[in-house]
Amino acid sequence: MDDDPSPPSPFWSGLKYGAVKLARGTGLYGATLAGRRAPPPNVAPPDPFAGDPDRGRQILEGAFAFAGERIAQARNPWTAIGAGRGWLETANGFDWLRDLAAHGGAEAQARAQSLTADWIAADHAGKLEGDAIAWRADVAGRRVWSWIVRYGWLSEGAGDEATAALLDSLGRQVRHLDRVAGQEGLDAGRLVGIMGYVVATLCLPNWAEERRGAFGLLVEELERAILPDGCHATRSPRLQVEVLRDLTALREVFRSAQVETPHALQSAIDKMAPMVRFFRHGDGGLALFNDSREGDAAEIDSVLALADARGRPPKRAPHGGFERLAAARMTVLVDVGAPPAAPYDGCAHAGALSLEVSAGQERLIVNCGASLRPDGDWSSAQRATAAHSTLGIDDTNSSEILPKTARVGRRRARTEVERREADDNFWLEASHDGYWKGIGAQVRRRLFLAAGGDDLRGEDAIEGGDGAPFTIRFHLHPKIQVSLLHNHTAALLRTPSGQGWRLRAAGADMALTDSVYLGRGEGKRSQQIILTGVVGPEGAAVKWALQREAKKG
């Protein structure tokens with residue numbers, strides 16, 4: 001690029017953002033956004049990802065199914081009473097325009113135009129002014145990006161008055177992003193707000209002079225949010241894919257504008273793509289750590305194809321705090337990291353040392369996953385240690401999850417890990433101190449995976465914590481059939497393909513109980529094997545092994 005990207009001065013940016021917060025509190029903020037009308041975009045960036053025509057048809061019929069909620073409201077869904085936070089974020093972000101476009105036809109185009117006009121009218125009437133969601137930096141950034149990408153479709157045949165209103169609103173929103181991008185946003189939200197602002201500077205000629213500052217914000221956030229091993233700072237496989245998708249789409253905007261792609265953007269894509277592969281099981285879906293679901297394997301493939309980064313999945317992610325053990329057809333993924341710091345801790349689960357195990361395309365041992373609704377009934381339970389395949393003490397989370405904000409509190413598990421390999425065999429030893437404060441216990445998990453991929457052995461040990469009850473959980477995928485054997489010292493797991501796996505344990509009592517699987521977003525009944533005991537004066541140690549059964553005949 002001709003000029004090096006440079007973020008605005010932190011002092012002036014902070015001062016400007018402070019003024020924004022004060023104005024928001026008075027109800028007069030909307031008046032401060034008055035100014036020049038945005039010109040029509042002089043760049044028509046592509047949307048490299050396909051929409052869902054079925055969801056487009058539902059929107060056409062007046063039903064909006066977002067973030068695990070379905071609300072039938074033909075007009076003004078932005079003010080739908082009782083809608084959850086995730087639903088409102090998606091509705092106000094307008095990413096669903098691609099679904100209407102995928103449905104196609106004049107009726108879908110007219111519906112897109114009328115819904116956009118309805119949002120503008122609601123905002124103009126003051127119904128959205130000060131709205132904590134509609135004008136949040138990440139939601140506004142997503143909306144600006146969506147409107148610019150679909151501008152030709154939204155303005156075609158809409159009439160001069162509607163087009164002028166669209167450009168007026170676009171100008172107000174870009175002025176808002178100029179003040180808040182890079183200043184607010186949690187988890188991946190800060191980056192989304194910045195990306196929307198970058199798209200505006202690339203596609204709207206009146207804001208071209210702001211490119212250097214916008215690009216500087218982008219580079220600064222990428223350096224902060226993308227760890228050296230390519231893991232996103234949230235440590236969430238789901239957000240790993242979503243951020244990579246957005247970054248690859250943003251690169252296409254740079255190419256359409258014939259502006260050189262910033263090195264930091266290309267580097268982030270190159271580092272993140274191998275980590276997406278790292279988090280995939282044999283079925284192509286994602287591991288269920290930190291607010292993640294399986295996802296759609298075909299969609300993940302399309303993101304990786306557009307990223308065009310050929311790197312193989314690494315064996316470990318030392319900065320993200322994950323280990324991957326792969327032998328023959330068995331894959332073991334282990335969370336050996338500490339919870340992320342703010343502002344990247346909104347997706348964090350108390351799943352220290354949790355693991356997932358798959359054999360070929362069949363998942364065996366899993367974590368519970370995450371509901372589609374970020375504020376639904378499962379939002380607290382899914383973050384608990386008990387929702388993970390790991391050891392918990394005294395029914396307490398390994399890291400403190402604050403009940404009101406769902407963010408990580410002061411008690412955070414610190415971890416240590418050591419890994420060895422020899423002759424394609426793997427040894428892993430990891431520990432955490434999440435129970436030291438309050439219980440006075442240290443937890444250690446040792447794993448061994450044989451080269452043949454048919455023998456996984458573990459030992460879960462506790463030092464300190466005399467008298468405290470403990471539970472080791474192995475949550476099972478819903479498709480796994482399980483039965484207890486040999487006076488409850490072993491369990492037989494049967495996969496859909498008919499393969500058997502035997503789980504043996506010593507040093508704790510084995511039982512079978514119900515669980516719930518949120519890997520596809522909606523709760524599905526499943527089972528879990530639990531190993532329970534009480535810590536003695538010398539601590540506790542439970543040895544277990546998961547071994548493939550030889551097929552008869």
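Helices and strands here are DSSP runs, numbered from the N terminus. The model shown in these views is predicted.

**View 1. The loop between α14 and β3 holds D308.** Strand β3 covers residues 316-317. D308 is a residue other than glycine, yet its phi is positive, near 55°. Most residues other than glycine have a negative phi. With a relative accessible area of 46%, D308 is partly exposed, because that class lies between 20% and 50%.

**View 2. D394 sits in the loop between β8 and β9.** Strand β8 spans residues 391-393, and β9 spans 415-422. The phi of D394 is positive, about 55°, although D394 is not a glycine. The relative accessibility of D394 is 40%, so D394 counts as partly exposed.

**View 3. A cis peptide bond joins A342 to P343.** The omega of this bond is near 10°. Most peptide bonds are trans. P343 is placed in the loop between β5 (330-335) and β6 (355-359).

**View 4. Helix α9 runs from residue 160 to residue 180.** The helix has 21 residues. From its first C-alpha to its last, α9 reaches 30 Å, close to the 30 Å expected at 1.5 Å a residue. An α-helix has 3.6 residues a turn, so residues three or four places apart point the same way. After α9 comes G182, with a positive phi near 85°.

**View 5. The largest cavity has a volume of about 200 Å³.** Its lining is made up of 17 residues, and D47, D95, R98, W145 and V149 are the closest to the cavity centre. Two or more lining residues come from each of α5 (97-103), α7 (137-149) and α12 (237-256). By class, the lining residues of this cavity are 9 nonpolar, 1 polar and 7 charged. In total, the structure holds 5 cavities of 30 Å³ or more. Rolling a probe the size of a water molecule over the atoms shows where empty space is left.

**View 6. L286 lies in the loop between α13 and α14.** Helix α13 covers residues 263-278, and α14 covers 297-307. L286 counts as buried because its relative accessibility is 4%, and buried means under 20%. Leaving aside residues up to four places away in sequence, L286 touches P237, R238, V241, V276, F279, R280, H281, R293, E294, I300 and R363. One of these contacts, V241, is 45 residues from L286 in sequence. The C-alpha atoms of L286 and V241 are 9.2 Å apart in space.

Terms used:
Residues numbered from 1 in each chain as written. Predicted model: local features only at pLDDT ≥ 70, side-chain atom pairs only at ≥ 80, totals over all residues. Heavy atoms only, no water. Helix = DSSP H or I, 4+ residues; strand = E, 2+ residues; numbered from the N terminus. Expected span 1.5 Å × (residues − 1). 1 Å grid on protein atoms, 1.4 Å probe; cavity = no way out; pocket = protein on both sides within 12 Å on 5 of 7 lines; lining within 4 Å. Points joined across faces, edges and corners; volume = space filled by probe spheres on them. Nonpolar A, V, L, I, M, F, W, Y, C, P; charged D, E, K, R; others polar. Buried < 20%, exposed > 50% of the residue type's maximum accessible area, 1.4 Å probe, protein only. Contact = heavy atoms within 4.5 Å.
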